[in-house]
Amino acid sequence: MHAWTWVLQRISAVILIIALGLHIGFLHFSNTGEPLNYGEVVARLKTPVLIVFDILLLTFGLYHALYGLYSVFLDFDSGKKERVIVLGLFVVVGLGIVGFGIFGLLYTARSL
C-alpha cells in the first residue's frame with residue numbers, strides 16, 4: 001500500500017504545481033484592464049469549470065498534505081495499531097474537510 005500511495009503523492013505534487021499556477025494566473029493576472037469589481041468576482045466564482053477546478057485543487061492538496069503528515073508519522077517507531085489509528089484519523093479528517101469544502105463552494109456559488 002505504501003508504494004502506490006507514495007507515487008500518488010508525487011503525482012499530486014506535479015498536479016498541484018500546475019493547478020496552482022493556472023489558478024493564480026487565471027484569478028490574478030488574466031484581467032489586464034481595471035481591477036475586478038465584486039460582480040465580476042462573483043461571476044467567476046459561479047463558473048462550473050472554476051468550481052470543479054477548485055474542488056480538484058482542494059482534493060489533491062489535502063491528499064498531498066495528509067499523506068505527507070502520515071509519512072512523517074511513519075518515520076517514528078510506531079506499532080501497527082497506532083499506524084492504523086492515525087491513517088483512519090487522517091482519512092476521516094480528509095474526507096470531512098473535502099466534504100466541507102465542496103459544500104462551501106457549492107453553497108457560495110448558489111447563494112451569491
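**Questions on a predicted chain**

Trainee: Which residues form a nonpolar patch on the surface, and what is their accessible area together?
Mentor: This is a predicted model, in which local features need pLDDT of at least 70 and side-chain atom pairs count only at pLDDT 80 or more, while totals for chains, interfaces and linings use all residues. Residues are numbered from 1 along each chain as its sequence is written, and side-chain values use heavy atoms, with hydrogens and water left out. A patch of this kind joins nonpolar side chains (Val, Leu, Ile, Met, Phe, Trp, Tyr) within 5 Å, from residues with over 30% relative accessible area and no salt bridge (a side-chain nitrogen of Lys or Arg within 4 Å of a carboxyl oxygen of Asp or Glu); areas come from the Shrake-Rupley method with a 1.4 Å probe, and for residues only the protein chains shown count as cover. The patch consists of Trp4, Trp6, Val7, Leu8, Ile11 and Ile15, and together they have an accessible area of about 550 Å².

Trainee: Is isoleucine 15 buried or partly exposed?
Mentor: Isoleucine 15 is in helix H1, residues 2–29; helices (H or I, at least four residues) and strands (E, at least two) are DSSP runs numbered from the N terminus. Buried means under 20% relative accessible area, exposed over 50%, and partly exposed in between, with a 1.4 Å probe and protein chains only. Because its relative accessible area is 32%, isoleucine 15 is partly exposed.

Trainee: How many helices and strands are in the chain, and what is the pattern?
Mentor: The chain holds 4 helices and 0 strands. Read along the sequence, the pattern is therefore α-α-α-α.

Trainee: Why is the chain described as more spread out than a compact globule?
Mentor: The radius of gyration is taken over C-alpha atoms, and the globule rule is 2.2 Å times the number of residues to the power 0.38. For 112 residues that rule gives 13 Å, and the chain is more spread out than a compact globule because its radius of gyration is well over this, at 18 Å.

Trainee: What is the relative accessible area of isoleucine 51?
Mentor: Isoleucine 51 lies in helix H3. Leaving aside neighbours within four places in sequence, isoleucine 51 is in contact (heavy atoms within 4.5 Å) with Leu45, Lys46, Leu105, Leu106 and Ala109. Isoleucine 51 counts as buried because its relative accessible area is 10%.

Trainee: Which residues are in contact with leucine 57, leaving aside its neighbours within four places in sequence?
Mentor: Leucine 57 is found in helix H3 and is buried, at 16% relative accessible area. Beyond those neighbours, leucine 57 is in contact with Leu16, Ala19, Leu20 and His23.

Trainee: What distance separates the C-alpha atoms of arginine 10 and histidine 64?
Mentor: Arginine 10 is found in helix H1 and counts as partly exposed, at 37% relative accessibility. Arginine 10 and histidine 64 are 54 residues apart along the chain, and their C-alpha atoms are separated by 8.1 Å.

Methods. Patch = residues over 30% accessible without salt bridge, like charges linked within 9 Å, V, L, I, M, F, W, Y side chains within 5 Å.
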